[in-house]
Amino acid sequence: MHQIACPHCAARLRLKDKSFAGRTVPCPDCRQPLAIQLAADGELAAAVATMSTAGTSTTRRLSPALAAWTMALLGFAALLVYVFRGGSLGPE
């Protein structure tokens with residue numbers, strides 16, 4: 001078991017073996033990307049990872065909770081329009 005300190009928040013990462021060398025993993029506490037490297041002495045070390053922007057999307061996903069609140073507000077707004085327009089759905 002190898003223990004590495006996160007350079008961002010000093011949280012301890014526990015890695016099973018040296019097969020993680022060359023990978024980028026998120027810190028379990030601060031979620032910052034860490035580049036796992038094999039040091040000259042054969043031990044694992046974590047470095048600040050620079051994330052490439054090539055091939056990545058700049059759009060973010062809407063969280064399910066925010067989507068639910070948005071739908072609820074839209075439904076409430078539609079109900080208010082229905083009530084204040086006289087409650088008729090079609091031409092009379």
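Q: Is Cys30 buried, partly exposed or exposed in this predicted model?
A: The structure is a predicted model. Cys30 has a relative accessible area of 27%. Buried would need under 20%, and exposed over 50%. Cys30 therefore counts as partly exposed.

Q: What relative accessible area does Cys6 have, and which cysteine has the closest sulfur?
A: Cys6 is buried, with a relative accessible area of 4%. Its sulfur is 3.7 Å from the closest cysteine sulfur, which is too far for a bond. The cysteine with that closest sulfur is Cys27.

Q: What pattern does the chain follow along the sequence?
A: The chain holds 1 helix and 5 strands. The helix, α1, covers residues 64–84. Read along the sequence, the pattern is β-β-β-β-β-α.

Q: What is the strand order in the open sheet of 3 strands?
A: Strands β3 and β4 pair in the antiparallel sense over 3 bridges. Strands β4 and β5 also run antiparallel, joined by 5 bridges. The edge strands, each pairing on one side only, are β3 (24–26) and β5 (44–48). The twist averages 40° from one strand to the next. The order is β3-β4-β5.

Q: Which residue stands opposite Val25 in β4?
A: Strand β4 spans residues 33–38 and pairs with β3. Strands of a sheet pair through backbone hydrogen bonds. The residue opposite Val25 is Leu34.

Q: Which residue of β5 stands opposite Ala35?
A: Strands β4 and β5 are joined by 5 bridges. Across this pairing, the residue opposite Ala35 is Ala47.

Q: Which residue takes a positive phi in the hairpin of β4 and β5?
A: The hairpin of β3 and β4 has 6 residues between its strands, with Arg31 in the turn at a positive phi of about 65°. The hairpin of β4 and β5 has 5 residues between its strands. There, the positive phi is near 90°, and the residue is Gly42.

Q: How far apart in space are Ser19 and Ile36, C-alpha to C-alpha?
A: Ser19 is found in the loop between β2 (12–15) and β3. At 42% relative accessibility, Ser19 is partly exposed. Ser19 and Ile36 are 17 residues apart in sequence. In space, their C-alpha atoms are separated by 9.7 Å.

Q: What accessible area does the nonpolar surface patch have together?
A: The patch is formed by Phe76, Leu79, Leu80, Tyr82, Val83 and Phe84. Leu80 sits in helix α1. Patch residues need over 30% relative accessible area. Leu80 is partly exposed at 34%. Together the patch residues have about 630 Å².

Q: What share of the chain counts as buried?
A: Buried means under 20% relative accessible area. Cys6, at 4%, is buried. Of the 92 residues, the buried share is 15%.

Conventions: Residues are numbered from 1 along each chain as its sequence is written. This is a predicted model: local features need pLDDT of at least 70, side-chain atom pairs count only at pLDDT 80 or more; totals for chains, interfaces and linings use all residues. Side-chain values use heavy atoms; hydrogens and water are left out. Two strands pair if DSSP finds at least two bridges between them. Helices (H or I, at least four residues) and strands (E, at least two) are DSSP runs, numbered from the N terminus. Axes are lines fitted to C-alpha atoms, for helices over the stretch in contact, and angles run from 0 to 180 degrees between N-to-C directions. Patches are made of residues with over 30% relative accessible area and no salt bridge: like charges are joined within 9 Å, nonpolar side chains (Val, Leu, Ile, Met, Phe, Trp, Tyr) within 5 Å. Accessible areas come from the Shrake-Rupley method with a 1.4 Å probe; for residues, only the protein chains shown count as cover. A salt bridge is a side-chain nitrogen of Lys or Arg within 4 Å of a carboxyl oxygen of Asp or Glu. Buried means under 20% relative accessible area, exposed over 50%, partly exposed in between (1.4 Å probe, protein chains only). A disulfide is a pair of cysteine sulfur atoms within 2.5 Å.
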